[in-house]
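Here is a short briefing on one protein model. Please look at the fold before you read on.

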Amino acid sequence: MHRAVNEDTLILTDEAGEEILRLKETLSDDVFELTATGRIFGEAMLELEDELMAAVISGRSILLDFTNVVSISSEVLDVILAAQQRVEKNDRLRFTLRGLRKKITELFHDTGFDQLINIE
């Protein structure tokens, strides 16, 4: 897997150069928005975890946008839950996940994670 950073965007590609995951950061005074595009599994999941932990450290609320995510591994659920739990230790901060496609929404529902994670 190849990793490239272009300003505020991390791009992961496979050996053939096909894009696997794109993570774009947008910062405001009180919100760290992370927009994901592509598929999240294996090494891409580890990159998402690193980006979410950086967002947690920023001390801002986190908005994780999955509108353009087509598939995830089930391990991603644990990564998201861990980030939410760290953010919400601070009563003034929120963690929000938005833009889930039907297939991903079903994974959250089937595992019960839709009851644990704040989903818009």
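**Briefing: charges, sheet and helices**

The structure holds 6 salt bridges. A salt bridge here is a side-chain nitrogen of Lys or Arg within 4 Å of a carboxyl oxygen of Asp or Glu. This is a predicted model: local features need pLDDT of at least 70, side-chain atom pairs count only at pLDDT 80 or more, and totals for chains, interfaces and linings use all residues. Residues are numbered from 1 along each chain as its sequence is written, and side-chain values use heavy atoms, with hydrogens and water left out.

**Salt bridges**

- Side chains of opposite charge can pair when their charged atoms come close.
- Arginine 3 and glutamate 47 meet through their side chains in a salt bridge (3.0 Å, N to O).
- This pair links distant parts of the chain, 44 residues apart: arginine 3 is in strand E1 (residues 2-6) and glutamate 47 is in helix H1 (residues 42-57). Helices (H or I, at least four residues) and strands (E, at least two) are DSSP runs, numbered from the N terminus.
- Glutamate 47 is buried, at a relative accessible area of 14%. Buried means under 20% relative accessible area, exposed means over 50%, and partly exposed lies in between (1.4 Å probe, protein chains only).
- Glutamate 18 and arginine 39 form a salt bridge between their side chains (3.6 Å, N to O).
- That pair also links distant parts of the chain, 21 residues apart: glutamate 18 sits in the loop between strand E2 (9-13) and strand E3 (19-27), and arginine 39 in strand E4 (residues 31-40).
- Glutamate 18 is partly exposed at 46% relative accessibility, and arginine 39 is partly exposed at 25%.
- The side chains of glutamate 19 and arginine 22 make a salt bridge as well (2.7 Å, N to O).

- Strands of a sheet pair through backbone hydrogen bonds, either parallel or antiparallel.
- In this model, 6 strands form an open sheet with mixed pairing, in the order E1-E2-E3-E4-E5-E6. Two strands pair if DSSP finds at least two bridges between them.
- E1 and strand E6 (95-98) stand at the edges, each with a single partner strand, so one side of each has no neighbour in the sheet.
- E2 and E3 pair in the antiparallel sense over 5 bridges.
- Isoleucine 11 has arginine 22 in E3 as its bridge partner.

**The helices**

- H1 packs on the sheet and touches E1, E2, E3, E4, strand E5 (61-72) and E6. Contact means heavy atoms within 4.5 Å.
- The direction of H1 makes about 175 degrees with that of E4. Axes are lines fitted to C-alpha atoms, for helices over the stretch in contact, and angles run from 0 to 180 degrees between N-to-C directions.
- The buried residues of H1 include Ala44, Met45, Glu47 and Leu48.
- Glycine 59 follows H1 and has a positive phi, near 75 degrees.
- Helix H3 (residues 102-111) lies across E5 and E6, at about 115 degrees to E5.

**Serine 73**

- Serine 73 is in the loop between E5 and helix H2 (75-87).
- Serine 73 counts as buried, at 15% relative accessibility.
- Leaving out residues up to four places away in sequence, serine 73 touches Ile40, Phe41 and Met45.
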